[in-house]
Amino acid sequence: MERETTPSQSEWLIMEVFWAERKASLTAREVIRKMKERTDMSPRMVRVLLNRLWQKGVLDYAVDEHDARVYHYSVRKSREECEREKSRRFVDSYFGGNGKNAMAALLQSAELTEEQFRELEECMEQCRESRRETGKEKE
């Protein structure tokens, strides 16, 4: 089985802190403080999740030059990269890799406005153009 490289639901909450802060790095203490504002997650659990995110390659860290007990965590994968990976895994896991079936199921279950349908049509056209330009268009 392929190793998981995308954030779990709990790990995603941690990543939301990093993506919102947009700082070069955050210490575990800073992340814990930010998480207390959002959830009742224990400091120990935050540290466990930071380690898992590092193991998955979503975060990186550097040891503080003045205190070896302090790690400075930084983002390795952007929100967009994580969303793409998560989406791909979702399609593979629940729709046998069939993107059309996944999109159809999502569209049929969503309650979209006409404006949202227009935005989706524009997005599809942009994707189609991008695939043509890169030569990845499927027949």
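Reader: How much of the contact count in the chain, at a separation of 6 or more, comes from residues 24 or more positions apart?

Author: A contact means heavy atoms within 4.5 Å, and in this predicted model residues 24 or more positions apart account for 49% of the contacts in the chain with a separation of 6 or more. Residues are numbered from 1 along each chain as its sequence is written, and side-chain values rest on heavy atoms, with hydrogens and water left out. As the model is predicted, local features need pLDDT of at least 70 and side-chain atom pairs count only at pLDDT 80 or more, whereas totals for chains, interfaces and linings use all residues.

Reader: How should I read the radius of gyration of the chain against that of a compact globule?

Author: The radius of gyration is taken over C-alpha atoms, and the globule rule is 2.2 Å times the number of residues to the power 0.38. A compact globule of 139 residues would come out near 14 Å, but the chain has 19 Å, and its C-alpha trace spans about 55 × 35 × 30 Å along the principal axes.

Reader: What share of the chain is buried?

Author: Buried means under 20% relative accessible area, exposed means over 50%, and partly exposed lies in between (1.4 Å probe, protein chains only). By that scale buried residues make up 22% of the 139 residues. The accessible area of the chain, from the Shrake-Rupley method with a 1.4 Å probe and, for residues, with only the protein chains shown as cover, is about 10,500 Å², of which carbon and sulfur atoms supply 48%.

Reader: Which residues have the most contacts inside the largest nonpolar core?

Author: In soluble globular proteins, nonpolar side chains tend to be buried together. A nonpolar core is a set of buried Ala, Val, Leu, Ile, Met, Phe, Trp, Tyr and Cys residues joined through side-chain atoms within 4.5 Å. The largest one here has 20 residues, and those with the most contacts inside it are Ile14, Phe18, Val31, Val46 and Leu50. Two or more residues each come from helix H1 (9-21), helix H2 (28-38) and helix H3 (43-55), with H1 giving the most, six residues. Once residues up to four places away in sequence are set aside, Ile14 touches Val31, Met35, Met41, Val46, Leu49, Leu50 and Leu53.

Reader: Which residues make the nonpolar surface patch?

Author: Patches are made of residues with over 30% relative accessible area and no salt bridge, like charges being joined within 9 Å and nonpolar side chains (Val, Leu, Ile, Met, Phe, Trp, Tyr) within 5 Å. In this structure Trp54, Tyr61, Val63 and Tyr71 make a nonpolar patch of about 340 Å². Tyr61 lies in strand E2 (residues 59-63) and counts as partly exposed at 31% relative accessibility.

Reader: How many salt bridges are found in the whole structure, and which parts does the pair Glu4 and Arg89 tie together?

Author: A salt bridge is a side-chain nitrogen of Lys or Arg within 4 Å of a carboxyl oxygen of Asp or Glu, and a search of the whole structure finds 11. One of them joins Glu4 and Arg89 at 3.4 Å, N to O. Glu4 lies in the segment before H1 and Arg89 in helix H4 (residues 79-95), so this pair ties together parts that are 85 residues apart in sequence.

Reader: How are Arg118 and Glu115 placed in helix H6?

Author: Arg118 and Glu115 form a salt bridge, with the closest N and O atoms 3.2 Å apart, and because they are three residues apart in helix H6 (residues 114-134), about one helical turn separates them. Glu125 and Arg128 also meet in a salt bridge (2.8 Å, N to O), and they too are three residues apart in H6, about one helical turn.

Reader: What is the phi of Arg22?

Author: Arg22 has a positive phi of about 55 degrees although it is not a glycine. Arg22 lies in the loop between H1 and strand E1 (26-27) and is exposed, with a relative accessible area of 76%.

How values were computed. Helices (H or I, at least four residues) and strands (E, at least two) are DSSP runs, numbered from the N terminus.
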